[in-house]
Amino acid sequence: MRPGPGSRWYGDQTWHHDLSDGDTLDPTERPEQPRPAGADRLPRWLRASPEDPERQARVYAGRALLGVLVGCVCAVVLLTAMYPSLRFTNQRPERTTAAPPPPPSTRAALARAEAAPAAGVLRALLEPVPAGMPAGLVDSSPVSGTVSPAVSPTCDTPVSPVLSRSRTWARPPGPGGFGSGVTVTATAYGPGAGAPALDAMLVARRQCVGEARVTAASGLGVQTLRASQTKGAVDTQSVMFRRGDVVVSVSGTGLPLPEDAAADLDRRLTQLLGPVCVDQDSTTADFARSPLIARTAFTGLQVARGVDLPGQGSPLPDLVSPHAGAPLPAAVTPTPPQAPYWPERAPDPVVSPTEPQPPTPYPVQTSYLAPAPDERGPGCGWAFTGTTAPTYDERAAAATQEQRRQAAVTAMQAAVAAYPAAVQAYEQAWQRYQGEAQAYTVYAVAAQQVESAWAAIRAQQEAYRFALEGYQQALAAYDAETKQRQDLATAYASAVTACATVTPPPWTDPAQPSPTAPGCPPTRDPVLDLPPPASPTSPSPPPDPRPTPRP
């Protein structure tokens, strides 16, 4: 933004219009200017009307002559730039890359920022070595190629920071040229700009974050982000947290991120901001109070004001009592069993109606937002970075407050006027709802009856299936036992037959029983003397639920 009349420098390297520059006035309104002295002594064609032919001719001729002169000057400048030998001096001007000194207003804003509490907070935060820093690191900020954050702390921020300080603790680069270390950067933003600055990093453009991955986190400050990036074989992890308008970035390259050091910095930042920061828990919504935001989004400090509904010429309409309908039965979707079943079909579905809501009672009191003097400022406040507070125009604020108060009253009066029609619409909707509720209740009851009948059939079918499985298992056991007995009987009969054909050995000792052949007579298995097993009975299928004759 180029500076112009009514502009003000806020110390963030950007210009913003003063809110009291009169932009709310109609630009067509111009005060009457007095006639300049000596106007009567001007030539006749200058005193003539702008539509006078002679005056128009002289003006056109003057413009043409001015255009020729400007063209000649531009041609000379272009030729001397392309051909140094055509310059009026034989010495080539010495080039310089030094930037021009900042304007006095910029130098004054920076001076205020350096003398403001923000500068002291950043110095005090970075002066001691944070507790929990990895061992073996030295204060070596000048070491190049050692540590760079995964994402810049000012990536895609809506406004530039006012102050920023960094400190690096590192190990010298290894054989590959990459070292390891930790960099801590503390950045102070203008009033209320800390929260949107950290928000912007989370959704920054790819051109800004590169290949870094940025995610929201928690645990530090009032807002935390984490970022990671891998370049070659080097990993960089960063954590960024915010309190008020101060954003702290802790980055570790080639080693784990020092979580303890980040926690120590957060603890000390809380203590340092305590006496100098207005609101450490500020949010992005507070940025609307800062003149650093876009002019169309600036609201300034606004406070809630109450207003009562003024007296009406006619009585207020009676508030309607909401109807209380009976609870509707639960929706049921019948599940058909296996065929055959009855009923053969479920009733057609009916959508459960929604009970209409009674109209909102008209308000007799409401509130509106009124502009108020913002003496301390959003976020850490005006004084934290030495920012000049925007001018508070009491007359304009009073006019805005009255306009909003009247708008709030008008809205209440409109709500009162619209309430009878809303009540009538509610009554009509309730009548429709009662008809829909009755139709749905009929359907829900019929669907429940069908589901009950089908559930009984499903239970019978399930019981039959279970009994059939048991019968099949019992039948298999019966067949197995019958076959076993048959096999035992066949084996015993064969053994008896074999013993009958075997000649016993000679009987030599009359005092002893007569000898028998080995294994004779055969031993009979006791199972053969048990009663035969009972044959299992097949279960009966469930009866056909369909009526006879069927309707």
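Biologist: Where is the place of P549?

Modeller: P549 sits in the segment after helix 8. Keep in mind that this is a predicted model.

Biologist: What is the form of the peptide bond from T548 to P549?

Modeller: Read omega for that. The bond from T548 to P549 is cis, and its omega is near -5°. There is also a cis peptide bond between A339 and P340, with omega about 5°. P340 belongs to the loop between strand 10 (302-308) and strand 11.

Biologist: Let me step back to the whole chain. How many helices and strands does the secondary structure come to?

Modeller: Eight helices and eleven strands. The chain has 551 residues, and buried residues make up 31% of them.

Biologist: Among contacts between residues at least 6 apart in sequence, what percentage join residues at least 24 apart?

Modeller: The figure is 74%. Y433 in helix 8 gives a case to look at.

Biologist: Is Y433 buried or exposed?

Modeller: Go by relative accessible area. Y433 has 6%, so it is buried. Setting aside residues up to four places away in sequence, Y433 touches L328, P353, T354, E355 and P356.

Biologist: Now helix packing. How are two packed helices described?

Modeller: By the angle between their axes and the distance between the axes. Take helix 4 (residues 117-126) and helix 7 (residues 259-273). They pack at an angle of about 150°, and their axes are 10 Å apart. Helix 4 is therefore roughly antiparallel to helix 7. Angles over 145 degrees count that way.

Biologist: In what hand of crossing does helix 4 pass helix 7, left or right?

Modeller: The crossing is right-handed.

Biologist: Which residues in helix 4 meet which residues in helix 7?

Modeller: Helix 4 brings V121, A124 and L125. Helix 7 brings L265, R268, L269, L272 and L273. Sort this contact by class and you get seven nonpolar residues, no polar ones and one charged.

Biologist: Pick one residue there. Which residues is L272 in contact with, leaving aside its neighbours within four places in sequence?

Modeller: L272 is in contact with V121, A124 and L125. L272 and A118 are 154 residues apart in sequence, yet 9.7 Å apart in space, C-alpha to C-alpha.

Biologist: And what does L272 count as by relative accessibility?

Modeller: Partly exposed, because its relative accessibility is 27%. The buried class ends under 20%, and exposed starts over 50%.

Biologist: How many residues of helix 5 are buried?

Modeller: Count residue by residue. In helix 5 (residues 194-202), seven of the nine are buried, so the helix is mostly covered. The buried ones are G194, A195, P196, A197, L198, A200 and M201.

Biologist: What covers the buried residues of helix 5?

Modeller: The cover includes helix 6 (206-209) and strand 6 (213-217). It also includes strand 7 (223-231), strand 8 (234-243) and strand 9 (246-253).

Biologist: On to loops. Where is S290 found?

Modeller: In the loop between helix 7 and strand 10. S290 is buried, with a relative accessible area of 0%.

Biologist: D374 next. Which loop does D374 lie in?

Modeller: The one between strand 11 (365-371) and helix 8 (394-500). D374 is buried too, at 14% relative accessible area.

Biologist: Which side chain does a polar contact join to that of D374?

Modeller: That of R289, at 2.8 Å. Beyond its neighbours within four places in sequence, D374 is in contact with R289, L301 and W382. W382 is also touched by S290.

Definitions and conventions: Residues numbered from 1 in each chain as written. Predicted model: local features only at pLDDT ≥ 70, side-chain atom pairs only at ≥ 80, totals over all residues. Heavy atoms only, no water. Helix = DSSP H or I, 4+ residues; strand = E, 2+ residues; numbered from the N terminus. Buried < 20%, exposed > 50% of the residue type's maximum accessible area, 1.4 Å probe, protein only. Polar contact = N/O pair within 3.5 Å; in protein donor to acceptor, adjacent residues only side chain to side chain. Contact = heavy atoms within 4.5 Å. Axes fitted to C-alpha atoms, helices over the stretch in contact; angles between N-to-C directions. Parallel < 35°, antiparallel > 145°, perpendicular 65-115°, else oblique. Left-handed = near helix turned anticlockwise from the far one by under 90°. Nonpolar A, V, L, I, M, F, W, Y, C, P; charged D, E, K, R; others polar.
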